Amino acid sequence: MADNTGAEQDADNVIRILVATDNHLGYGEKDAVRGEDSFTSFEEILELAVSEDVDMILLGGDLFHDAVPSQNTMHKCIELLRRYTFGDRPVSMEILSDQAQCFHNAVNQSVNYEDPNLNIAIPVFSIHGNHDDPSGFGRLSSLDLLSTTGLVNYFGRWTDLSQVDISPILMRKGESQMALYGLSHIHDARLARLVKDYKVNFNCPEKNEDAEEDWFHLLVVHQNRADRGPKNYLPEDSLPSFLHLVIWGHEHDCRIEPEMNAKKGFYVSQPGSSVPTSLSEGEAKKKHVGLLEIYKNKFKLKELPLQSVRPFVFESILLPDRADELGLNEGDASTKVYRFARDRVEAMIVQAESQLTGHPRQPTLPLIRLRLIYSDEACMFNTIRFGQTFGTRVANAQDMVQFSKLIKRTKTEAVNLDKEALRRALEADNATRVEELVDRYFEEAKTKKPLKLLHSKALAEMTYRLVERKDTNAAEDIVKFYKEKAVDHLMETLPNDESLDEELERFRLRHKHEDLLKMLDAGGLKVKREENSTSILGSEANTTTASKPARGRAARGRGRATAAPAATRNKTQLDVSVNASRGSARQKTLLSSVRNSRSTVSYEISDDSD
């Protein structure tokens, strides 16, 4: 936890912020049982803001569940905001930055509590998420409507996806000064490209030479936090290290207690959603919002549990582990699992009663999700008919039980790299392209027979088409074609099991890789190879390649483009600038990149496969 002792200071110098994310107003609004859940929890959040006497409310995206909310949802949202955020109470937060730049879609291009026609007691600041992002004609978000009416201060909206510049809202209250940065949701793959190309810039306020650490830097972001692939999340390590705290939206499981990023030194708080939108294990965690207190460069985050959220109990059971206990290997397994599930649901309903808080608006019918993981379909039963027996006792009778197929992973024989062959391949003078490196490695390691079917040249060609030509089907096409030809050869020779490997070796000697690739290309999969093409290594973990802007399709990675040299960086991260942006990364050939990183990179082949 951060050093927050200084946050307990005089109230005139402490910035108090109520933090919440992913309210999803309007979720399931047509459900007769659960239709009011999102509005009930949002009203409790606004009540907490009033009772805690906060200076502002900060929302981390997905205020609405739909990009175009219904009239009913919009009406209820406006009603709640007017009831709890309007009033004669003075706002003690002073805006120091250019408001026209921060609130360009507002009527007066200023914060709403400075509008002489409005009486704002608690200002609400919000970015947009992936559910309420700008869409349709005019590219307007539902938050634009709330901003125009003066109910919400909509910030952090991007206007140019070729270059994202993030300028903070500079605020002051007494001795405390805060720089509030907002990064509204951008598609993860697009944001990954922008980060990789150093096209996301943070414009820091100039530091006061007379004061040390005079700004508290707070970022609110709405992106995938969990690693769902190299281009499907925003790595924490790519954020700038000058930040003090990051409020992370989009992830629904509650991890509101600040977690320190050991590499960059800032803290990350993930409040999670205020209403369950899926019957998952993460959604079953207790829902919270946070009371953030900031004094100079110190902060304190107090967890505030929500009392009006519907009880939700999740349980996952692996049926093969209970096969002996339930006697599933004999008799009617479906009936036995049915009885077991009925008993478990009864126990879960009792467990849900312990989550009742006594809040006058808390729903009493619980959400129940029993996930049964099976390996034999004989264990399954009709879940809809099963749910009807609990129709008046739970809120989700139709999808209370979920059957999930057990995925078995089998371990195959481990394959070890020939390190000596790899070293010789890396040191080769003419291996300057990725396909040449692949070819040379398998040629060097052929004494250990790492390949039984494919030629090394075929793997090199496969790599060339994947890397240089962006042919995503190259591997599948070449492997499939080789398999078909090998099967034809085996059907002709009909070897016994003992001589199968020998016959495959004869197949490799009989059919040259050039002949097989010509036959493959003759079938309509031709790829014209250019003589002057080069291979560039652009790894997010090691180096980034920046290219001159190209016209037409070349700008999207097709055709030819001329690369511009610039400074090399060890890690892709967001730019930090004061009215200036960083340079781009230096080009590296495959050979030089691998040589420079050989001492730190380990090569492993997993022994797990699906």
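**Figure 1. Lys-76 is a buried residue of helix H2.** Lys-76 has a relative accessible area of 18% and therefore counts as buried (under 20% relative accessible area; exposed is over 50%, partly exposed is in between, with a 1.4 Å probe and protein chains only). The residue lies in helix H2, residues 71-85. Helices (H or I, at least four residues) and strands (E, at least two) are DSSP runs, numbered from the N terminus. Apart from neighbours within four places in sequence, Lys-76 is in contact with Glu-36 and Phe-39, where contact means heavy atoms within 4.5 Å. This is a predicted model, in which local features need pLDDT of at least 70 and side-chain atom pairs count only at pLDDT 80 or more, while totals for chains, interfaces and linings use all residues. Residues are numbered from 1 along each chain as its sequence is written, and side-chain values use heavy atoms, with hydrogens and water left out.

**Figure 2. Phe-64 sits in the loop between strand E2 (56-59) and H2.** Phe-64 is buried, at 0% relative accessibility. Not counting residues up to four places away in sequence, Phe-64 touches His-24, Leu-25, Pro-69, Thr-73, Met-74, Cys-77, His-131, Asp-132, Ser-142 and Leu-146. Ser-38 is 26 residues from Phe-64 in sequence, and the two are 9.5 Å apart in space, C-alpha to C-alpha.

**Figure 3. Three strands form an open sheet with parallel pairing.** The strand order is E16-E17-E18; two strands pair if DSSP finds at least two bridges between them. Strand E16 (312-318) and strand E18 (401-405) each have a single partner strand, so one side of each has no neighbour in the sheet. From one strand to the next, the twist averages 20°. E16 and strand E17 (residues 367-374) run parallel and are joined by seven bridges. Leu-318 has Ile-373 in E17 as its bridge partner. Helix H7 (residues 333-353) packs on this sheet and touches E16, E17 and E18; the direction of H7 makes about 145° with that of E17. Axes are lines fitted to C-alpha atoms, for helices over the stretch in contact, and angles run from 0 to 180 degrees between N-to-C directions.

**Figure 4. Seven strands form an open sheet with mixed pairing.** The order is E3-E7-E8-E10-E11-E13-E12. Strand E3 (94-95) and strand E12 (255-260) are the edge strands, each pairing on one side only. Three bridges link E12 to strand E13 (residues 267-270) in the antiparallel sense. Opposite Glu-259 stands Val-268 in E13.

**Figure 5. Helix H12 (residues 474-493) packs against helix H14 (residues 513-522).** The axes are 11 Å apart and the angle is about 110°, which means that H12 is roughly perpendicular to H14 (65 to 115 degrees; under 35 counts as roughly parallel, over 145 as roughly antiparallel and the rest as oblique). H12 contributes Asp-477, Ile-478, Phe-481, Tyr-482 and Lys-485 to the contact, and H14 contributes His-513, Leu-516, Leu-517, Met-519 and Leu-520. Seven of the residues in the contact of H12 with H14 are nonpolar, one is polar and two are charged. Ala, Val, Leu, Ile, Met, Phe, Trp, Tyr, Cys and Pro count as nonpolar, Asp, Glu, Lys and Arg as charged, and the others, Gly among them, as polar.

**Figure 6. Cys-102 and Cys-204 are two buried cysteines.** Cys-102 has a relative accessibility of 9%, and Cys-204 has a relative accessible area of 15%. The structure holds zero disulfides, a disulfide being a pair of cysteine sulfur atoms within 2.5 Å.
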